[in-house]
Amino acid sequence: MNWQLTLILLLFLGIAGCDDPDKPGKTDTSGTTTIDNTLYGTTNYYAIGFNFAAAEKVSSLAKPAPDLLIELGGTLDLFILQTGAGLNGFFLQGEYSDETKAKQAFDNLEAPVVTQWEDWANPVRPNQVWVYRSADEHYAKIRIFSTFSETRTPQDYAECTFEWVYQPDGSLTFPGE
């Protein structure tokens, strides 16, 4: 009977000591996500974007607002990433001929030199690497995996899948991948 109690106690302590990835205050600093331009609501319309600091998709009505929202720029092949940051927040680090070269450039991007921030990422295409600056001057690097669009009613649909790394310390230096 004593050995069973000891075993149960050891199992309990082992489980209690494990980190919980969903625990408040623990935030991912990298990942892959897909956002689209679907509008929700009936009175106050909103879209779902991505917030780097929270590492999650959030409503455009949320506080804090999403860092990124995807839009179409008038045609089905013109994708734009927008931000509500209140300042110019995008820099195109590079556009690459294939996924392998884009991944290599993304992984090796540790200290980008930004020459001029733009108010939106335009146009957005697969195999691009962007640097993002938030309103509180935190940074993320973004690699565009894919974009997709189609004609829909009441509005045309746009979708963007991207890999991201967020730098929560406020520096423009990213750890190596």
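A residue counts as buried when its relative accessible area is under 20%, as exposed when it is over 50%, and as partly exposed in between. That scale is applied here to a predicted model.

**N51 in strand 2**

N51 is found in strand 2, which covers residues 48-51. Its relative accessible area is 4%, so N51 is buried, given the cut-off of under 20%. The side chain of N51 makes polar contacts with backbone atoms. It reaches the backbone nitrogen of A54 at 2.8 Å. It also reaches the backbone oxygen of A65 at 3.0 Å. Leaving aside neighbours within four places in sequence, N51 is in contact with E56, V58, P64, A65, P66 and D67.

**The F50–F162 pair**

F50 also belongs to strand 2. F162 lies in strand 9, residues 157-167, so the pair ties together parts that are 112 residues apart in sequence. F50 is buried at 3% relative accessibility. F162 is buried too, at 0%. Both phenylalanines are members of one aromatic cluster, formed by F50, F52, F90, W130, Y132, F162, W164 and Y166.

**Accessibility side by side**

| Residue | Relative accessible area | Class |
|---|---|---|
| N51 | 4% | buried |
| F50 | 3% | buried |
| F162 | 0% | buried |
| G73 | 31% | partly exposed |

**G73 in a loop**

Where does G73 sit? Its place is in the loop between strand 4 (69-72) and strand 5 (79-82). At 31% relative accessible area, G73 is partly exposed, because that value falls between the 20% and 50% cut-offs. Apart from neighbours within four places in sequence, G73 is in contact with L78 and I80. The C-alpha atoms of G73 and A158 are separated by 10.0 Å, and the two residues are 85 apart along the chain.

**The second largest pocket**

The second largest pocket has a volume of about 150 Å³. Which residues line the second largest pocket? The lining consists of N37, T38, L39, Y45, R152, T153, P154, Q155, D156 and Y157. By class, these residues divide into 4 nonpolar, 4 polar and 2 charged.

Methods: Residues are numbered from 1 along each chain as its sequence is written. This is a predicted model: local features need pLDDT of at least 70, side-chain atom pairs count only at pLDDT 80 or more; totals for chains, interfaces and linings use all residues. Side-chain values use heavy atoms; hydrogens and water are left out. Helices (H or I, at least four residues) and strands (E, at least two) are DSSP runs, numbered from the N terminus. Buried means under 20% relative accessible area, exposed over 50%, partly exposed in between (1.4 Å probe, protein chains only). A polar contact is a pair of N or O atoms within 3.5 Å; within protein, one must be able to donate a hydrogen and the other to accept it, and residues adjacent in sequence count only if both atoms are side-chain atoms. Contact means heavy atoms within 4.5 Å. On a 1 Å grid over the protein atoms alone, a cavity is a set of points where a 1.4 Å probe fits but cannot get out, and a pocket is an open set with protein on both sides within 12 Å along at least five of seven lines; lining residues have an atom within 4 Å of a point. Grid points are joined across faces, edges and corners, and a volume is the space filled by probe spheres set on the points. Ala, Val, Leu, Ile, Met, Phe, Trp, Tyr, Cys and Pro count as nonpolar, Asp, Glu, Lys and Arg as charged, and the others, Gly among them, as polar. Rings of Phe, Tyr and Trp (its six-membered ring) pair if their centres lie within 6.5 Å; planes under 30 degrees apart count as stacked, over 60 as edge-to-face and the rest as tilted.
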